[in-house]
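Trainee: I have a model open and would like to learn how to read it. Could we go through it feature by feature?

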Amino acid sequence: MTLSLHMPQTHLLSKLPIPDSQVITINPQLPVEEAAEDYAKKLRQAFQGDSIPVFDLLILGVGPDGHTCSLFPDHPLLQEREKIVAPISDSPKPPPQRVTLTLPVLNAARTVIFVATGEGKAAVLKRILEDKEENPLPAALVQPHTGKLCWFLDEAAARLLTVPFEKHSTL
């Protein structure tokens, strides 16, 4: 199954031979609460038998405040354990109304890849990857239970890290 929002559809999925029937989208025409319920229903149909969908691969980003998906620091959605998809109506970043996967879904994935670029991410990446904060940032809470977690960073984003990391070719 493939999770799609506008940007991945435009820049990635449209260039791959993936049938539309395998792309599950959030309906932006619905009110945010209904859109979340509708999307959760679609995921449950696609992942029959799983109480929590287990994605093979999730590709995530991280915001300069440490948010991922639409899970923001100190937001009540970080405590959500029942819903697989949740609405958010008070996002601190525009747009204020969003639909997000919850942490149980992110942590059930077989592989989670974070991609972060630019110097503006360096300080928050240091906090996420090196600091052991009492109240971790949302991206630091993504720790797949039985899967793999990988971070892909450019040199600017990784510039403050002191932990060893593997350097690959630059683009």
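Mentor: We will take the helix, the core, the salt bridges, the backbone and the surface in turn.

Mentor: Two ground rules apply. This is a predicted model, so local features need pLDDT of at least 70, side-chain atom pairs count only at pLDDT 80 or more, and totals for chains, interfaces and linings use all residues. Residues are numbered from 1 along each chain as its sequence is written, and side-chain values use heavy atoms, with hydrogens and water left out.

Trainee: How many residues does helix H2 have, and what does it span?

Mentor: Helices are DSSP runs of H or I with at least four residues, strands are runs of E with at least two, and both are numbered from the N terminus. The expected span of a helix is 1.5 Å times one less than its number of residues. Helix H2 covers residues 32–46, which is 15 residues. From first C-alpha to last, H2 reaches 21 Å, close to the 21 Å expected.

Trainee: Which residues of H2 are buried?

Mentor: Buried means under 20% relative accessible area, exposed over 50%, and partly exposed in between, with a 1.4 Å probe and protein chains only. An α-helix has 3.6 residues a turn, so residues three or four places apart point the same way. In H2, the buried residues are Val-32, Ala-35, Ala-36, Tyr-39, Ala-40 and Leu-43. They cover an arc of only 130° around the axis, which puts them on the same side of H2. That arc is taken from the directions from the helix axis to the C-beta atoms. Glu-37 and Lys-41 are exposed on the other side of H2.

Trainee: Which residues have the most contacts inside the largest nonpolar core?

Mentor: Nonpolar side chains tend to be buried together in soluble globular proteins. A nonpolar core is a set of buried Ala, Val, Leu, Ile, Met, Phe, Trp, Tyr and Cys residues joined through side-chain atoms within 4.5 Å. The largest has 38 residues, and Leu-43, Phe-55, Leu-58, Val-85, Leu-101 and Leu-106 have the most contacts inside it. Elements that each supply at least two residues include H2, strand S4 (85–88) and helix H4 (122–129). H2 gives the most to this core, with 6 residues.

Trainee: How many salt bridges are there?

Mentor: A salt bridge is a side-chain nitrogen of Lys or Arg within 4 Å of a carboxyl oxygen of Asp or Glu. The count comes to 5. One of them joins Asp-38 to Lys-42, with the closest N and O atoms 3.2 Å apart. These two are 4 residues apart in H2, so about one helical turn separates them. Another pairs Lys-126 with Glu-130 at 2.5 Å, N to O. Lys-126 is partly exposed at 25% relative accessible area, whereas Glu-130 is buried at 15%.

Trainee: Where is there a cis peptide bond?

Mentor: Most residues other than glycine have a negative phi, and most peptide bonds are trans. The bond from Pro-94 to Pro-95 is cis, with omega near -5°. Pro-95 lies in the loop between S4 and S5.

Trainee: Which loop holds Cys-69?

Mentor: Cys-69 sits in the loop between S3 and S4. Its phi is positive, about 50°, although Cys-69 is not a glycine. Asp-74 is found in the loop between S3 and S4, with a positive phi of about 60°. Cys-69 is partly exposed at 26% relative accessibility; Asp-74 is exposed at 62%.
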